[in-house]
Amino acid sequence: MASAHVTPFAGSWYPGHRAELDALLDRLFDTSLHRTGEDLLPRPLAFVVPHAGLAYSGAVAAAAYRTLRAASPSRVVILGFAHSGGRSGVSIPDTGAFETPLGRVEIDLDAVRELTLHGPFLLTPEARVCDHSVEIQLPLLQRACPGTPVVPLYVGPLDARQRHSAAQVLAQFIKPGDVLLASSDLTHYGRAFGYRPFPVDEDTPDRLRELDYGAMEAAGTLDPDFFLESLHESGATVCGYDPIALLLATLTELGAEDIFQQTLDYQTSAEIAGGYDHSVSYGALGYFRADSFCLGEEDQQALLASAGETLRHLRDTGKRTAIPPAGTGTALRRRAGVFVSLHRRGELLGCIGNVTRPQPLAEEAPDMALAAALDDPRFWPRTRLPDDVEVEISILTPMKRIRDWTSFHLGRDGAMIESGDARGLLLPQVAHTGSWTPARFLEALSRKAGLRPEAYREDQTRLYVFRAQIFSAAV
């Protein structure tokens, strides 16, 4: 049996005795369930997870590990870094396993040998890289996926060429069933971190949230250069920028156009400790292919039935009453962007959706059906909803910001534009009729937002793409 490295973080960063650690993990996973709900997206490719002491960031991290548990991965590749300053390249600790109070975590030594055949992967004495960014993940992984081997990688400074080379190697190395995990906290705020760009006052929580969500949005582009540039511009003190950048570069090699980032949970240490003089932010991010956001046939029919019953009740009684699906499954408790369109004999009667503060699908679909029937100002006044209406529901993936409008793919992507307070959105099916081009679509999007037709090309404009699962039925 290969020698094991006994983690030095037990007893300080988390309890050193198994019973106490088990009890803490129980609480963290239960708290995560309460915070984020039962629905877990299938087939994750990768995660970003925080790495503070488990009592602080563990509940947020558990949102990722609960999703990982449901996926039953065959192997987890952990991308960490040395807070004390690591060597350039990607270091792999020269040990055969880790030992925590919960037992051994085996390292896939065949994988280590394979990776070290390629630069910039280097076998390194464990003592030179030992860091909580990797080792704080181990008890969470042992609880979620006991017996799953790991490949621990400590990511040091990489230039763009080195990062691209490492990402190509990792993308070829990854097999079905493998999951990547990048370890990083978000903004570190306070004098202890040398970062206090604004004073502690009633606006501090919102300012931190703006910094953190800007960093997470930049990560969601899957463009490592844009992510790093955004951190430089905003000043957000995201410690694990090198592991995240390598993760994004690897996902790009795996086909970034089809991959979307989902924010699984977010919290600051100040919310836990009760003061913002010293605060670290924690985010759990998941990366999934577009089809992971799709509903099964039974759930599609449940939403259509709910929307149909809601509209029939409106037509029969004139009352605005949302009728939720019967026997709501866990997938319908997921919060996601939803649009409902109403048609009659090919003519649009109304289309309303919500992407800013989405509610559970079971609530959102009937609510948006009512909104499409009553609130679309293009079709005011409407005295009565006609018979033989077709209901079309669109379930949206998360938004993905793009740097260049030429990344928009007509017919596949929907798009959203933001400039100042102006915002507009067009669903992908808008382009399914007529002689559209990408430029015409984006000009129409700009006009819908109240902007100049060419606004989508301007530097100050934010442009996002998304996919939609579309299904319909007659009411």
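Biologist: Where is the place of serine 72?

Modeller: Serine 72 is in the loop between helix 2 (54-71) and strand 3 (75-80), where helices (H or I, at least four residues) and strands (E, at least two) are DSSP runs, numbered from the N terminus. This is a predicted model, in which local features need pLDDT of at least 70 and side-chain atom pairs count only at pLDDT 80 or more, while totals for chains, interfaces and linings use all residues. Residues are numbered from 1 along each chain as its sequence is written, and side-chain values use heavy atoms, with hydrogens and water left out.

Biologist: Why is serine 72 called exposed?

Modeller: Buried means under 20% relative accessible area, exposed means over 50%, and partly exposed is in between (1.4 Å probe, protein chains only). Serine 72 has a relative accessible area of 56%, and therefore it is exposed.

Biologist: What is said about the phi of serine 72?

Modeller: Its phi is positive, about 50 degrees, although serine 72 is not a glycine. Most residues other than glycine have a negative phi, and most peptide bonds are trans. Arginine 345 also has a positive phi, of about 55 degrees, without being a glycine; arginine 345 sits in the loop between strand 13 and strand 14 (347-354), and with 70% relative accessibility it counts as exposed.

Biologist: Which peptide bond is cis?

Modeller: The bond from glycine 119 to proline 120 is cis, with omega near 5 degrees, and proline 120 lies in the loop between helix 3 (109-115) and strand 7 (121-124).

Biologist: How do you know whether the radius of gyration of the chain agrees with that of a compact globule?

Modeller: The radius is taken over C-alpha atoms, and the globule rule is 2.2 Å times the number of residues to the power 0.38. For 475 residues a compact globule would have a radius near 23 Å, and the chain has 24 Å, so the value agrees. The chain has 14 helices and 20 strands, and 55% of its 475 residues count as buried.

Biologist: What makes arginine 43 and aspartate 291 a salt bridge?

Modeller: A salt bridge is a side-chain nitrogen of Lys or Arg within 4 Å of a carboxyl oxygen of Asp or Glu. The two side chains meet at 3.6 Å, N to O, and this pair is a salt bridge. Arginine 43 lies in the loop between helix 1 (18-36) and strand 2 (44-49), and aspartate 291 in the loop between strand 12 (279-289) and helix 12 (297-317), so the pair ties together parts that are 248 residues apart in sequence. A search of the whole structure finds 30 salt bridges, and Glu257, Asp258, Arg289, Arg412, Asp413 and Arg467 are linked in a network of them.

Biologist: Why is glutamate 418 called buried, while arginine 423 is called partly exposed?

Modeller: Glutamate 418 has 17% relative accessibility, so it counts as buried, whereas arginine 423 has a relative accessible area of 40%, so it is partly exposed. These two residues form a salt bridge, their closest N and O atoms being 2.6 Å apart.

Biologist: What makes isoleucine 244 a buried residue, and which residues is it in contact with?

Modeller: Isoleucine 244 has a relative accessible area of 3%, and so it is buried; its place is in helix 10 (residues 241-253). Contact means heavy atoms within 4.5 Å, and leaving aside neighbours within four places in sequence, isoleucine 244 is in contact with Val48, Ala182, Ser184, Phe227 and Val238. Isoleucine 244 and valine 48 are 196 residues apart in sequence, yet 7.2 Å apart in space, C-alpha to C-alpha.

Biologist: Why does histidine 188 count as buried, and what does it touch?

Modeller: Histidine 188, found in strand 10 (residues 188-189), has 12% relative accessibility and therefore counts as buried. Not counting residues up to four places away in sequence, histidine 188 touches Phe193, Tyr195, Thr237, Cys239, Ser279 and Val280.

Biologist: Which strands do the buried residues of helix 14 pack against?

Modeller: They pack against strand 17 (414-419), strand 18 (422-426) and strand 19 (462-466), and among the buried residues of helix 14 (residues 438-448) are Phe441, Leu442 and Leu445.
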